[in-house]
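Hi,

Here is the structure I promised to pass on. My notes follow below it.

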Amino acid sequence: YKRQVSTQSTWVLADGCSSRHLVKFAQGDPYSLVTIIFIGIFAYATTKGIVAEYITILTQNETLLKLSSYIANEQVAILVVLVPLVIFLFVLTKSVKRIFTLRDGMLIGLLVPAGWYITGVIGADSMEKEIQLASMSFVYPTAQTLEFFTYYQVNELSFGISIILGVLSGAFAMSKFNKRYSFGCTANLQHSKIKYNMIGGAMMGVGGVLAIGCTVGQGLTGLSSLAFASILAVLSIMLSGYFTARYLGKRERLPMCFIFEWNDKQQEEAKTNFQI
């Protein structure tokens, strides 16, 4: 479980997680391409490359394995997951009406069981090849996508690769339709953004493989399975992301520049923005 804590704060450094950078790259942000490439390279290196040799020292450490054995990875009751999420949602929105404006989030949430259904039900009827049970995830599928385009003759199109290609094509099409493009962060240009994209991408590639998922892979797909390990991973992501943002914010090196506004009467009266 320690490996789930180790590198999940790095999405703050890189101005977003893997899924966010896929969308930003499709919208025209060249910095996001750097992050995606580094995520893919280091995720692949952690799985099959040079990094795997050194990571084994950590994953096969007897002391860490013994400590982890005291925490049973069991399926928790649905209320243990659902109740805190509902409370957290009300705390953030501060209004019941605002919850109904989050329809995009609801649609994204529905994609998770859709992924389980495609791979688990429809995929089970496949006679051509065995399809592994999976749903939404982006770190290791990014590495698989790079491998697919590099050695396409010896690799097959998987569910994860299809998700990556679907997000890129869908985000690009919608950016053309909505005429909304992103060409990089403009909130703080005093820091070396490309450096943070490289470092953050590399550490997300390693951490995403070690934690068996990213903010989507563990935060959405993992929680949908009610796995206790996913709860620990999400808590690690939240805490490490918060403290990393505080640390960088005090030094005016926080690269996050996405401004979220509710755009309602209550927001206009408060006259405040929420930086994400």
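At 43% relative accessibility, does leucine 82 count as buried, partly exposed or exposed? Leucine 82 counts as partly exposed, because its relative accessibility is 43% (buried is under 20% relative accessible area, exposed over 50%, partly exposed in between; 1.4 Å probe, protein chains only). Leucine 82 lies in helix 7, residues 78–93 (helices are DSSP runs of H or I, at least four residues, numbered from the N terminus).

Before the rest, some ground rules. This is a predicted model: local features need pLDDT of at least 70, side-chain atom pairs count only at pLDDT 80 or more, and totals for chains, interfaces and linings use all residues. Residues are numbered from 1 along each chain as its sequence is written, and side-chain values use heavy atoms, without hydrogens and water.

Next, the cores. The largest nonpolar core has 16 residues (a set of buried Ala, Val, Leu, Ile, Met, Phe, Trp, Tyr and Cys residues joined through side-chain atoms within 4.5 Å). Leu22, Met136 and Phe138 have the most contacts inside it. Helix 4, helix 10 (139–150) and helix 11 (159–178) each give this core two or more residues. A second, separate core has 6 residues, including Leu223 and Ile231.

Last, a helix pair. Helix 4 (residues 30–47) and helix 5 (residues 50–59) pack at about 60 degrees, axes 5 Å apart.

Best wishes

Technical notes
Axes are lines fitted to C-alpha atoms, for helices over the stretch in contact, and angles run from 0 to 180 degrees between N-to-C directions.
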